[in-house]
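Hi everyone, thanks for coming along. I'd like to walk you through one structure today, so let me put it up on the screen.

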Amino acid sequence: MAEALQLDAALLNKYDTRGPRYTSYPAAPQFRPMEEAEYRALVQTHRANRSDPLSVYVHIPFCRTVCYYCGCNKVVTANYRRAEDYLEVLTQELALQSTLFGLRPAVDQLHLGGGTPTYLNDGDLSRLMRALDTSLALEPGETREFSIEIDPRTTDAARIRHLAALGFNRLSIGVQDFDPEVQRAINRLQGLDQTTEVIDTARQAGFRSINLDLIYGLPLQTQARFAETLERVITLRPDRLAVYSYAHLPERFKVQRQIEAADLPSSAEKLALLVMTIERLTAAGYVYIGMDHFALPDDELAVALREGSLQRNFQGYATGAGRDLLALGVSAIGRIGPAFAQNHRSVEPWAADVSLGRIPVAQGLVLDDEDLLRGEIIQALMCGRRLDVRDIERRYRIEFASHFASELERLIPLADDGLVTVDAESIEVSARGRLLLRPIAMAFDAYLHARHKTTEPRYSRVI
Ligand SMILES: C[S@@+](CC[C@H](N)C(=O)[O-])C[C@H]1O[C@@H](n2cnc3c(N)ncnc32)[C@H](O)[C@@H]1O
Ligand code: SF4
């Protein structure tokens, strides 16, 4: 049985601060410049004599038109030639990277993200998959998890069948909102019929898991309008739903300046949208996984939540043990053992490095023992919603109360508000705290508290 969620608007409002989403700890703003030689040495040391399968992320940044809310790393262009050039460089990067990882390393998890991977035509998607399968041993069996982000506006039924034939078995579909007024305000006109066709075809083609992305807090959204979007979504019955809080950072993402500030819902309205979303989706049978994510009870994410094997990664939540993550393409972030490494964020320097035979890594971080310890604590709180203090003390050889004296102090007001219970044995997130995992995790973020207040909004708001 799913545990009850407690929705307390005043409390949600009180903790609506800015903070990292902890798809990694330390969060990406902490990354430092990383030399190619350092990256090569890292992979060679960590992957020597290892044959456990890799996870692979490939970033395809292109989009045909721009959505005004978008905070993703993207290149908006109608010139397909740019995508062809990009694929050529990507194939070279793949060759450079894969030789570092040994002879055709096995890959059982693959994710194509963007931008919009379906910007690529069928022929180019086939070529990309062939190139991946030449350098890497893509798992042919049903245990593989190969997923791709889809924009229904650039995907028809034939395209979905082609993706299935290429080995993809999971889809993530961008929707955001079905209301025509909202769609106009965000420059994303997308018919319900387009989305329905993609989902129906994907089911017939045997896709195992279908995710839909929505955003609350978009311009012109009201409870009545968003309620209709939710009704439509519930009828479509995706296995998973990501309902993101709109991150409005126009200083960082220039395109967001196209959005009229006056059209944005107030923070009280945004909170009401969140509360309504959770109520309607849970009433419709979805399990709240945590931080924006919902899943049907028999979906692997919901099963992992019940069994305590849920993980957090760059895609949000995931199941199973963390693999080393090989990341390809502009801005992609990989994780090799105890280190994160991110490629250049713009196409030009990324391509320039590859053309010189260099792995295009720009920044990253080698985690020290303290980072690993705090990362594990944040992971435990955000995924299992419980930290076994004694287990941490045993494995990290620390005395928790003295090592984390300031963190425990920071948790006192949260415990007073009923978000967590803290004792010598454990820290547990309560039903009231389940919607406030970010502020709870932030108590253990050493960088956030060392850096202190900056006026620059680097992180999005919690709600
Ligand atoms: C790379 S996009 C998805 C794939 C595809 N480009 C599409 O739009 O259909 C990933 C998701 O990020 C979310 N997103 C983008 N910008 C956002 C923002 N500023 N705030 C919250 N979510 C955002 C959207 O839900 C979007 O579907
Ligand atoms: S939301 Fe998707 S389609 Fe829209 S601009 Fe961003 S990456 Fe491109």
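Let's begin with helices α4 and α5. Helix α4 covers residues 122-135 and helix α5 covers residues 157-165, and their axes come within 11 Å and cross at roughly 10 degrees. With angles under 35 degrees counting as roughly parallel, α4 is therefore roughly parallel to α5. Please keep in mind throughout that this is a predicted model.

Who makes that contact? On the α4 side we have Asp-122, Leu-125 and Ser-126, and on the α5 side Arg-159, His-162 and Leu-163. Sorted by class, the contact of α4 with α5 has two nonpolar, two polar and two charged residues.

Now turn to the pairing of α4 with helix α3, residues 81-100. The axes of α3 and α4 come within 10 Å, and they cross at roughly 10 degrees. So α3, too, is roughly parallel to α4. From α3, the contact involves Glu-84, Leu-87, Leu-90, Thr-91, Leu-94, Ala-95 and Ser-98. From α4, it involves Asp-124, Leu-128, Ala-131, Leu-132 and Ser-135. How do the residues of the contact of α3 with α4 divide by class? There are seven nonpolar, three polar and two charged residues.

Gly-115 sits in the loop between β5, residues 106-114, and α4. The peptide bond from Gly-114 to Gly-115 is cis, with omega near 15 degrees.

Pro-26 belongs to the loop between α1, residues 9-14, and β1, residues 32-33.

Pro-26 also brings us to the domains. The chain is divided into domain 1, made of 1-26 + 369-463, and domain 2, which is 27-328. Their C-alpha centres lie 26 Å apart. As for the contact between the domains, 29 residues of domain 1 touch 32 residues of domain 2.

Asn-169 is located in the loop between α5 and β8, residues 170-176. Is Asn-169 buried or exposed? Its relative accessibility is 2%, so Asn-169 counts as buried, given that the cut-off for buried is under 20%. Its side chain reaches the backbone oxygen of Arg-144 at 2.8 Å. Setting aside residues up to four places away in sequence, Asn-169 touches Glu-142, Arg-144, Glu-145 and Phe-146, and also Phe-207, Arg-208 and Ser-209.

Phi of Gln-176 is near 80 degrees, which is a positive value in a residue other than glycine. Gln-176 is buried, at 6% relative accessibility.

What is phi of Met-291 near? The value is near 30 degrees, again positive in a residue other than glycine. Met-291 lies in the loop between β11, residues 287-290, and β12, residues 293-295. With a relative accessible area of 8%, Met-291 is buried.

Let me finish with two residues further along the chain. Leu-372 lies in helix α12, which runs over residues 369-384. Buried or partly exposed? At 28% relative accessibility, Leu-372 counts as partly exposed. Apart from neighbours within four places in sequence, Leu-372 is in contact with Arg-335, Leu-367 and Tyr-396. Of these, Tyr-396 is 24 residues from Leu-372 along the chain, and the C-alpha atoms of the two are separated by 9.8 Å.

The second residue is Ser-426, found in strand β21, residues 426-429. Ser-426 counts as buried, at 6% relative accessibility. Not counting residues up to four places away in sequence, Ser-426 touches Arg-386, Leu-387, Val-389 and Thr-421.

How values were computed: Residues are numbered from 1 along each chain as its sequence is written. Chains are lettered from A and ligands numbered from 1 in the order in which they are written. This is a predicted model: local features need pLDDT of at least 70, side-chain atom pairs count only at pLDDT 80 or more; totals for chains, interfaces and linings use all residues. Side-chain values use heavy atoms; hydrogens and water are left out. Axes are lines fitted to C-alpha atoms, for helices over the stretch in contact, and angles run from 0 to 180 degrees between N-to-C directions. Helices (H or I, at least four residues) and strands (E, at least two) are DSSP runs, numbered from the N terminus. Angles under 35 degrees count as roughly parallel, over 145 as roughly antiparallel, 65 to 115 as roughly perpendicular and the rest as oblique. Contact means heavy atoms within 4.5 Å. Ala, Val, Leu, Ile, Met, Phe, Trp, Tyr, Cys and Pro count as nonpolar, Asp, Glu, Lys and Arg as charged, and the others, Gly among them, as polar. Buried means under 20% relative accessible area, exposed over 50%, partly exposed in between (1.4 Å probe, protein chains only). A polar contact is a pair of N or O atoms within 3.5 Å; within protein, one must be able to donate a hydrogen and the other to accept it, and residues adjacent in sequence count only if both atoms are side-chain atoms. Domain bounds come from an automatic or database domain assignment.
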